[in-house]
Amino acid sequence: PSSRSLAPTPTKRGAPLGTRGGVAGTMSEGAATVSLFKTIVGGGILALPAGMAAGTGTGVAPAVAIVALHAALSAYTYSLVGRAVAKTGAANFGELWDACFSPSTSWVIDVMIMGVAGGACLTYGCFLGDLLAQLSGGAVGRTAAIVGLACFPIAPLALLKNLSALKHSSMAGLAAIAVSAYVVVKRAVDGAYGAPAARFGSWLAGAGDPLAQVSSTRLCVGTCVLFNMLSTAFMCHTNAVRAYNELDRKDRHAAVALKAFGLAALLYGAVMLAGYATFGGACKGLILSNYDGADPLALVTRVATLVSLLSSHPLLFTSFRDATFSLFKATVDPLLAKNPANWNWLTLLLLAVPTSLAIVLPDVGFVVSLMGASLGAGLIIVIPGLFGTSLGLATSAVEARVMKLVTYFGVGIGIFGTVVTCLETYTDLLN
């Protein structure tokens with residue numbers, strides 16, 4: 001999940017539709033493509049090899065097809081949000097919901113964004129605990145690492161009223177992901193972890209030959225886990241309203257989506273295939289955990305990713321806090337009116353929620369998969385489809401049927417994927 005995709009924007013609910021949005025944008029098509037690409041690509045990419053390895057491992061052809069399907073479907077629904085903004089003049093996702101449905105149901109969006117942002121904080125907490133424990137060589141335990149980083153620097157940053165100091169965090173995150181992707185692909189190509197000329201092998205004890213586990217066409221229960229993970233990997237649709245309004249040529253919004261999601265799909269596919277080809281069924285929820293502590297490239301990647309996650313976490317948490325405060329407005333507002341200092345205590349209390357869950361849920365692959373299966377499917381597929389149907393955006397009878405099919409498809413995979421993920425993780429029923 002990307003911090004920018006969940007960044008809150010000021011709401012103006014209740015204003016006439018004609019006064020909302022519609023501002024002439026200044027961002028070029030090229031700049032918009034790069035910006036959207038940065039928004040799409042997040043830390044979840046490092047869990048994709050584990051998704052491909054889930055169960056007995058998904059074959060190369062189905063895995064690539066699933067990546068392509070998610071990219072194409074996400075690009076279409078992202079463009080639907082832009083078309084909805086063009087018709088309503090909405091300035092943010094909340095206003096767009098109000099324009100399509102009753103404002104009395106706006107709590108639905110608050111719940112979904114709260115869940116997605118909170119899940120992202122949980123995921124990042126798991127990542128940070130694993131990374132710091134690895135970098136310390138075992139001197140710092142995972143739980144101590146999570147608690148320590150939550151106390152500093154995350155808590156002080158979360159208490160900031162103005163996060164402008166972290167405005168470059170998305171660039172730092174993109175650079176870290178680029179370094180990570182390079183290392184994963186390079187290690188798959190140079191054979192540093194594969195027989196017979198392996199230089200690093202201690203992390204593969206008992207794993208067997210990874211390449212022998214790779215199939216071209218295999219489908220298994222684990223394929224559903226990979227499918228769910230990719231729902232999260234392409235999650236950026238709440239940012240589509242702002243992106244559309246900032247674009248100078250509105251008619252190029254769909255083209256921007258096609259190019260950005262296509263580039264993201266290529267990067268995701270490369271990391272997923274390279275990680276799985278290197279470690280096979282031994283892939284861990286955070287692929288960096290598979291690399292030997294003596295590997296210098298892996299060390300650089302861990303440090304870069306740690307810094308990136310620390311800078312992005314406060315932005316994600318801000319979305320989680322704002323959506324939570326909005327959902328419980330009737331309770332929060334009186335507390336803040338009585339004493340503004342309560343804002344700090346409420347913030348710290350909320351921060352403790354994903355931090356505590358990160359301690360008891362060490363399998364980040366399960367977290368990413370479950371979040372994608374439920375809320376991810378809703379934000380990426382179901383809600384844009386509902387926007388399109390509600391506003392009559394279809395240009396033909398065929399597209400009208402496609403919109404409905406997309407909505408039903410999103411609901412179906414959300415329910416099915418959630419059930420399968422839980423059964424696959426906590427029971428042996430599907431083995």
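This is a predicted model: local features need pLDDT of at least 70, side-chain atom pairs count only at pLDDT 80 or more; totals for chains, interfaces and linings use all residues.
1. Residues are numbered from 1 along each chain as its sequence is written, and side-chain values use heavy atoms, with hydrogens and water left out.

2. The aromatic pairs number twelve (ring centres of Phe, Tyr and Trp, its six-membered ring, within 6.5 Å; planes under 30 degrees apart are stacked, over 60 edge-to-face, the rest tilted). Phe227 and Phe409 are edge-to-face, because their centres are 6.5 Å apart and their planes at 75 degrees. Phe227 belongs to helix H10 (residues 222–233) and Phe409 to helix H17 (residues 397–426), so this pair ties together parts 182 residues apart in sequence. Helices are DSSP runs (H or I, at least four residues), numbered from the N terminus.

3. Phe227 is buried at 15% relative accessibility, whereas Phe409 is partly exposed at 32% (buried is under 20% relative accessible area, exposed over 50%, partly exposed in between; 1.4 Å probe, protein chains only).

4. Phe234 and Phe261 make a tilted pair, with centres 6.1 Å apart and planes at 35 degrees. Both residues are buried, and together with Tyr78 and Tyr268 they form one aromatic cluster.

5. Thr123, in helix H6 (residues 107–135), is buried at 1% relative accessibility. Its C-alpha atom is 7.2 Å from that of Ala358, 235 residues apart along the chain.

How values were computed. Helices (H or I, at least four residues) and strands (E, at least two) are DSSP runs, numbered from the N terminus.
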